[in-house]
Amino acid sequence: MLNECETAYTGQWDFCIQATYTETNTIHINDIKGPVNKGYGSVCMSYLQQMAEQKNIQYLTGDLVQRDWNHINRLIAFYEKHHFQVSVNAETKSGRIIWNPQ
């Protein structure tokens, strides 16, 4: 699903990545939704990375939060597969991801 967020999306979606511009050179990933282990997240992430490179976006960022903790190892593997730096604090059940293609 690709929607500009200027208007409500009234269709039906199977999977999506929710992200927002937080600065002129940064897109922050809020969530990836859809069935797990089907490759949809990778499709979304590859598209977002290509779009970022085309638009000269320097960083993709995101947060790992407590609700992610029941699948944190899967998330770490996913983000590392897509060349993100992942930092995790197990004590606070939080973390941060960052991608910089340079």
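The legends below describe close-up views of a predicted model.

Local features need pLDDT of at least 70 and side-chain atom pairs count only at pLDDT 80 or more, while totals for chains, interfaces and linings use all residues. Residues are numbered from 1 along each chain as its sequence is written, and side-chain values use heavy atoms, with hydrogens and water left out.

**View 1. The protein chain has two helices and five strands.** Helices (H or I, at least four residues) and strands (E, at least two) are DSSP runs, numbered from the N terminus. Along the sequence their pattern is β-β-α-β-α-β-β. The radius of gyration is 14 Å, close to the 13 Å that the globule rule gives for 102 residues, so the protein chain is as compact as a globular protein of that length. This radius is taken over C-alpha atoms, and the rule is 2.2 Å times the number of residues to the power 0.38. Of the 102 residues, 31% count as buried, that is, under 20% relative accessible area (1.4 Å probe, protein chains only). Contact means heavy atoms within 4.5 Å; among contacts with a separation of 6 or more, 55% come from residues 24 or more positions apart.

**View 2. Helix 1 covers residues 40-54.** Its 15 residues reach 21 Å from the first C-alpha to the last, close to the 21 Å expected at 1.5 Å a residue; the expected span is 1.5 Å times one less than the number of residues. The buried residues of helix 1 are Gly-41, Ser-42, Cys-44, Met-45, Leu-48, Gln-49, Met-51 and Ala-52. They pack against strand 1 (16-23), strand 2 (26-33), strand 3 (59-64), helix 2 (72-81) and strand 5 (94-99). Just after helix 1, Asn-56 takes a positive phi of about 60 degrees.

**View 3. Gln-49 is found in helix 1.** Gln-49 has a relative accessible area of 10% and is therefore buried. With neighbours within four places in sequence left aside, Gln-49 is in contact with Leu-60, His-82, Phe-84 and Trp-99.

**View 4. His-28 lies in strand 2.** His-28 counts as buried because its relative accessibility is 13%. Residues up to four places away in sequence not counted, His-28 touches Gln-18, Ala-19, Thr-20, Thr-22, Thr-61, Gly-62, Asp-63 and Arg-96. From C-alpha to C-alpha, His-28 and Asn-56 are 15 Å apart in space, and they are 28 residues apart in sequence.

Definitions and conventions: Buried means under 20% relative accessible area, exposed over 50%, partly exposed in between (1.4 Å probe, protein chains only).
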